[in-house]
Amino acid sequence: MSNDLKISAQCLTPILYVRDFGEAMKYYTDKLLFEKLWDWGNPPSFGAVRLGKIEIFFCLLAQGNPGTWLSIFVDDVDDYFDRSTRLGADVIYGPADEPWGVREIHVRDPNQHVIRFGHGIPMQEPKMEIERVPFESRIERRLAALARDLARHKNMTVGEMLEETLLHTLEKLPGGGVASPHTEKTLSHIHELKKKHGIEYDCHASYRFVEK
């Protein structure tokens, strides 16, 4: 077989050493908001938990050592920080903006494993001087209301949000299509705003707009 053929890999699942299987399962599900997927053995000595699309295996007294570090990206690390700390998670650092473009917290579990939960943040440097100019436009009334609410949600002016959206829609992705500036959390908020402002049409409806 040729060594030039690409190898297909589906996912990567870390296996964490745990001193007490039940303790680890309870900490991750009760305090870190993971869900239990399955366990194996009687009593269990191996199992899995999941947060979103991320899975972690636990192995009782084997397959590793205490003190492993992991990194998990979430939509909104501040929201995760608030929810997990209220439940008693052992947050030992953050939230903090890092110079490499990530806002993150460090969470320690009972086996001294540390998970770096974070989300990407726009790089602030180097600064680029620009000139903003008035840009007159007329858009559909309900879309205008949504744009104002969405800008407020994102702590931006409407102009800043439109700049962000335009730049992202001009950016090609390696696999084709265009990038989106919105996280899953913001997309969920947008769906609620569409309901609020009675926008029941799809993304192609603007081709059919006719002013009164």
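**Sheet, salt bridges and a surface patch**

Q: In this predicted model, what is the strand order in the open sheet?
A: The order is E5-E8-E7-E6, four strands with mixed pairing. Strand E5 (69-73) and strand E6 (90-98) are the edge strands, each pairing on one side only. From one strand to the next, the twist averages 20°.

Q: How many bridges join E7 to E8?
A: Seven bridges join strand E7 (residues 102-108) to strand E8 (residues 114-120), and the two run antiparallel. Within this pairing, Val-107 has Ile-115 of E8 as its bridge partner.

Q: Which helix packs on the sheet?
A: Helix H2 (residues 77-86) does, touching E6, E7 and E8. The direction of H2 makes about 20° with that of E7.

Q: Which side chain meets Arg-103 in a salt bridge?
A: Asp-78 does, at 2.8 Å, N to O. Arg-103 belongs to strand E7 and Asp-78 to helix H2, so the pair ties together parts that are 25 residues apart in sequence. Asp-78 and Arg-103 are also linked with Asp-97 in a network of salt bridges.

Q: And Glu-200, where does it lie?
A: Glu-200 lies in the segment after H5, and Arg-142 in helix H3. Their side chains meet in a salt bridge (3.7 Å, N to O). Glu-200 is exposed, with a relative accessible area of 64%.

Q: Changing topic, which residues make the nonpolar surface patch?
A: Ile-139, Leu-143 and Phe-209 make a patch of about 250 Å². Phe-209 lies in the segment after helix H5 (184-196) and is partly exposed, with a relative accessible area of 36%.

Methods
Residues are numbered from 1 along each chain as its sequence is written. This is a predicted model: local features need pLDDT of at least 70, side-chain atom pairs count only at pLDDT 80 or more; totals for chains, interfaces and linings use all residues. Side-chain values use heavy atoms; hydrogens and water are left out. Patches are made of residues with over 30% relative accessible area and no salt bridge: like charges are joined within 9 Å, nonpolar side chains (Val, Leu, Ile, Met, Phe, Trp, Tyr) within 5 Å. Accessible areas come from the Shrake-Rupley method with a 1.4 Å probe; for residues, only the protein chains shown count as cover. A salt bridge is a side-chain nitrogen of Lys or Arg within 4 Å of a carboxyl oxygen of Asp or Glu. Buried means under 20% relative accessible area, exposed over 50%, partly exposed in between (1.4 Å probe, protein chains only). Two strands pair if DSSP finds at least two bridges between them. Axes are lines fitted to C-alpha atoms, for helices over the stretch in contact, and angles run from 0 to 180 degrees between N-to-C directions. Contact means heavy atoms within 4.5 Å.
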